[in-house]
Amino acid sequence: MNKNCTLYLLLLLGIFSAVAQNPKQRSIDYYAWNYPIIQATSNKIAFSIDEKPLTISAALIHGNGDKLVFLKSTEGKITLSSNLVTFLDLWSYQTTRIDEADIKVILTPEPSVFEISADKEKKGGKEEERYKGQLKLHSGIKIEITDAQGRLLHEKKLEDYNTLHSINVFENSAITSEKKALELTKAHFMENAEKYMAGANGSVSGPLHYKLVEYLQDLIDLRRKKKSLYVYTFKKKKGFDLSGIQASIEALKSLSDVAPGRNYQKEIEALLLPKIDFWREEISKYDSQDKKQVKVVWGLLANISGAYHALGEDEKALEVYQEIEKLDYRGSYKYLEQLPEEQMVKRKAFFGTDTPKSLDEVGFQGTHNPSYVHYKNFQVGLLGANRMEVAQSTLETRKKRAYLLGKILGHYQYLEELKRLGRKFSERGNADVGFEETDAYYVEVFNRAAKESEEIEFLDLSVLDEDEKIIASKISQDLIDFYNIYDKEISLNKESQDDWEEMQKILDKLLVVLHQWQGGEKDDKRALYKNIDLLADKMLLINNETIRSLPLLETLLEELSSEDKVSYGANPKLFKQLFKKYQKTYVSLFVADTSIGQYLHHSAHQFLKKELKVYYELYRADEDEIGAKHKNLHDDQRVANILSIFVK
Amino acid sequence: MKRILLIGSIVLELALNSCGSLAYQGYEMSSSHHETAPKEFELEVKVVYVQELRKETNSIKVDYEVMNRSEDIFLSPQRKYNVFFKVKTKEGREIGHYKRIYRKIAPNSSIVLSETINLSVYEYESVEAKIFVE
């Protein structure tokens, strides 16, 4: 037995060493020009995505081609994410608003079908029939390209079949009839129907998305695209030193590291031209008539031809191919001729002449804004779609209004939360003094927060309606007055520096006592809350507790992450309490059923991705590491950006 | 000084409020109880004089006249009557301010009141006043 094994091993080694004599193919990535089929006179492009409800069905496909639909839903929601434009990253077109574009790409998802079929399989020598039940999701998308006047320039349907499940065994044995295979697969589908049907909804992704991106780039964009350069290398060959050739191929690996840019052509010329000269020199050392040496000559010529093709010099690549054809080796490697020929045909069609012009390497890549993507027939009531089609001045006003509302709500909620926490700290308050015994650091934080809240008195009201102006002023003044009393109350335990401060304290004490005697705190608070609700009602399209807590989230983020605000070291207890509130607020805003996401169109989500990421990262942070890892995250405009989508 | 004024005004407010609530309670206890609509007053406000003050922050002292155009004396009404000031600044900003009217005003006569409005760092340009009722 052992002897046999050794024999096999030797035989295998022999095969490998024999193969090693042949040229070994390697592929190296580079970027070649893509000559588009459609050429527009202008470089302004827009994308429109149709979100009309689609049917999603499930059908049995019999071997004879009969199709039997057994489940149907007309509420399918298939769409495309607006970040398609970032994936496409067109070089020769600028993404614009749909009404400003000279070329429009209209994308309409096709109805999806879950197809259940049975494939006949033949295994082994036996004539036994075996069937494999397959569940595939058949999805598609229609592409229409029109000019500004709506004239159709191009139309195409892309399709994809995604195998979701297959069954080829039943009770430990093969399935021997088509009927059985179909039945079993259908039963599996029905068991998980809800999950599968839900999965068919949502954004186009995976292979179909990839096909779409590739197809559109090939069709319309003058750009460089990733291609493979095939080069050949050799291992040892008796009597020849091939290490130089091998090293030249190794060195070429850096070709794939060259990023497309203004100097791309020059950079790849600097890499490839010396190699072409070197390979040409090497060829002279070998005899192309020799049966063994011809392999080396073939490999080197193939390298030279491939390199010329990569440089875009396809005529030269074909000249070299003529030399290759004369060799008595690997006549079937036609790609060496086909690739340059295909590229020349595309180039000629693009330039309209045989002589290519030099092309500008840099275009609009990296500039595409997903917010320009137009959506039609989207679900009624969702906010934030097609926002770029709203006048810039309107967007600016909305943002200013959102900023103002955010400031008022932020201060209101933060002071409210601090006061709530104050009560917690003062559970062991000193009853004799009549005032709450409070934590010195907490008092410091509250004093500062109360002082900072005074900014709301000077907010610019010019972006508000007359009614709103009055309510906003009223809230600002009442809010400051309301928390001013509490601020004085908790500050009473502070040490006085001089007589003047002592006298002030006595006055404060009188004020606090009077206020407590009057006992209107609850009414004041209710009135304040009522006005805030009223203002939010007037200013927001959707007004609820969750959405109104967005400014608090930002205020807490500012307090927790800013170096000059609440510090973990100074009072871990207070810091932890505030962080807990931050996390709770985050959950209600973005995770729980109350999430504001339910009101937003997915393109608005895309637009807010960057803003929301900051909130998410702090949410996931460890409280004792915030000071070190999540410093100064506050952005004064973040709330305004998000809230502006909800503002009237 | 400002503080004492504040306390003074609060004491006054308390006194007025408690009187109002006592009167209301008395009314509640009456056997001939029936709903009446809160009495409406027709008030008008006019800015008389504005003085710019520059101390730590910019502010203005506004003298304004409140006129009672009704036939009844304006005294502890059930609804809250306020004056809303809209100050335009040279920066183009609008700053709001409100002041509740606590004073009594005889029918068809007026009183002149004064109010200081803090404008922070902004420069005064113009001011408008109007009555709003809560």
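Predicted model: local features only at pLDDT ≥ 70, side-chain atom pairs only at ≥ 80, totals over all residues.
**View 1. The contact between chain A and chain B.** Chain A brings 23 residues to this contact, and chain B likewise brings 23 residues. The size of an interface is often given as the accessible area lost when the parts come together. For chain A and chain B this buried area is about 2200 Å², with carbon and sulfur atoms giving 61% of that area. On the side of chain A, the residues that lose the most area to chain B are A:Phe458, A:Ile470 and A:Lys474, which together make up 29% of what that side buries.

**View 2. Salt bridges and polar contacts across the interface.** Four salt bridges are found between chain A and chain B, one of them joining A:Lys469 to B:Glu94, whose closest N and O atoms are 2.7 Å apart. Ten residue pairs are in polar contact across the interface. Both α13 (466–491) and α14 (499–518) of chain A supply at least two residues of the side that touches chain B, and that side of chain A divides by class into nine nonpolar, six polar and eight charged residues.

**View 3. The largest cavity.** Of the five cavities of 30 Å³ or more, the largest has a volume of about 90 Å³. Its lining includes A:Tyr30, A:Ser228, A:His309 and A:Tyr335, and α10(A) gives the largest share, four residues. Eight lining residues are nonpolar, four are polar and none is charged.

**View 4. The second largest cavity.** This cavity holds about 40 Å³ of space, and among the residues that line it are B:Glu52, B:Arg54, B:Ile60 and B:Tyr122. The lining comprises five nonpolar, two polar and three charged residues.

Note on methods
Residues numbered from 1 in each chain as written. Chains lettered and ligands numbered in written order. Heavy atoms only, no water. Contact = heavy atoms within 4.5 Å. Buried area = accessible area lost by both parts, 1.4 Å probe. Salt bridge = Lys/Arg side-chain N within 4 Å of Asp/Glu carboxyl O. Polar contact = N/O pair within 3.5 Å; in protein donor to acceptor, adjacent residues only side chain to side chain. Nonpolar A, V, L, I, M, F, W, Y, C, P; charged D, E, K, R; others polar. 1 Å grid on protein atoms, 1.4 Å probe; cavity = no way out; pocket = protein on both sides within 12 Å on 5 of 7 lines; lining within 4 Å. Points joined across faces, edges and corners; volume = space filled by probe spheres on them.
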